[in-house]
Amino acid sequence: MHQYYRSLEKMAYQASIVEQDWKRFVERTRVKHVQQGTYLIETGVPVNHAYFCSEGLFRLFYTLADGREYNVGFSPEDDYVTSYGAMVQGQPSTFTIEAMEDSVVVEIPYDVLKELMDTSHMWERFVRKSVERLYIRKEERERELLYLSAKERYQAFLLKYPGLDKRIAQYHIASYIGVSPVSLSRLLRSDPH
């Protein structure tokens, strides 16, 4: 079980979280196995947990009125995955998070996170750094969609998610960069780099 906490433990150590607080965190969270195709978070359902992906891969997507899905992000190993806004506001999620591979997460109840932040400045700093990372990623994503060409968005995808192009179907990449699968195929044929 503890192997699933290794990356989180390393981050906690870097944030100077004391061993007693770390043990409290481990005692109040749990490891959860998620099968490929399972929704970790669903649109319209309240969010009470943050998750840390120890193994596997998740995609975050919106479903449009016509049924099309629009990928807005991916969370591979050693990454957080949740609908942070919904969790903090006590609201239903506006997007869905699906396991793209059999995955293992550390499930972190939001109440536990709040309690740790209220009692420890180190935990508060740890969470702040994690949220800053999520915010920077969101800002980069918005900039990519507004300013970059499809080819540049594809290159940004490859840089942001090294090796992910080998793990997921091209139509998921096309959805993420905002083009049709046919357009992505054309783009890859015209410039294989």
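Strand 4 (57-63), strand 5 (69-76), strand 6 (79-81), helix 3 (84-89) and helix 5 (121-147) each contribute at least two residues to the lining of the largest pocket. Here helices (H or I, at least four residues) and strands (E, at least two) are DSSP runs, numbered from the N terminus. The structure is a predicted model, in which local features need pLDDT of at least 70 and side-chain atom pairs count only at pLDDT 80 or more, while totals for chains, interfaces and linings use all residues. Residues are numbered from 1 along each chain as its sequence is written, and side-chain values use heavy atoms, with hydrogens and water left out.

A pocket, on a 1 Å grid over the protein atoms alone, is an open set of points where a 1.4 Å probe fits, with protein on both sides within 12 Å along at least five of seven lines; lining residues have an atom within 4 Å of a point. The largest pocket has a volume of about 730 Å³, a volume being the space filled by probe spheres set on points joined across faces, edges and corners. Its lining holds 28 residues, and Leu-60, Val-72, Phe-95, Leu-134 and Lys-138 are the closest to its centre. Helix 5 gives the most to this lining, with eight residues. By type, the lining of the largest pocket divides into 16 nonpolar, eight polar and four charged residues (Ala, Val, Leu, Ile, Met, Phe, Trp, Tyr, Cys and Pro count as nonpolar, Asp, Glu, Lys and Arg as charged, the others, Gly among them, as polar).

The second largest pocket has a volume of about 200 Å³. Of its 13 lining residues, Arg-68, Glu-69, Tyr-70, Tyr-171 and Ser-175 lie nearest the centre. Strand 5 and helix 7 (170-177) are the elements giving two or more residues to this lining, and helix 7 has the largest share, four residues.

Beyond its neighbours within four places in sequence, Phe-25 is in contact (heavy atoms within 4.5 Å) with Tyr-5, Leu-8, Ile-108, Leu-116 and Trp-123.

Finally, the mean pLDDT (the predictor's confidence in each residue, from 0 to 100) of the protein is 93.
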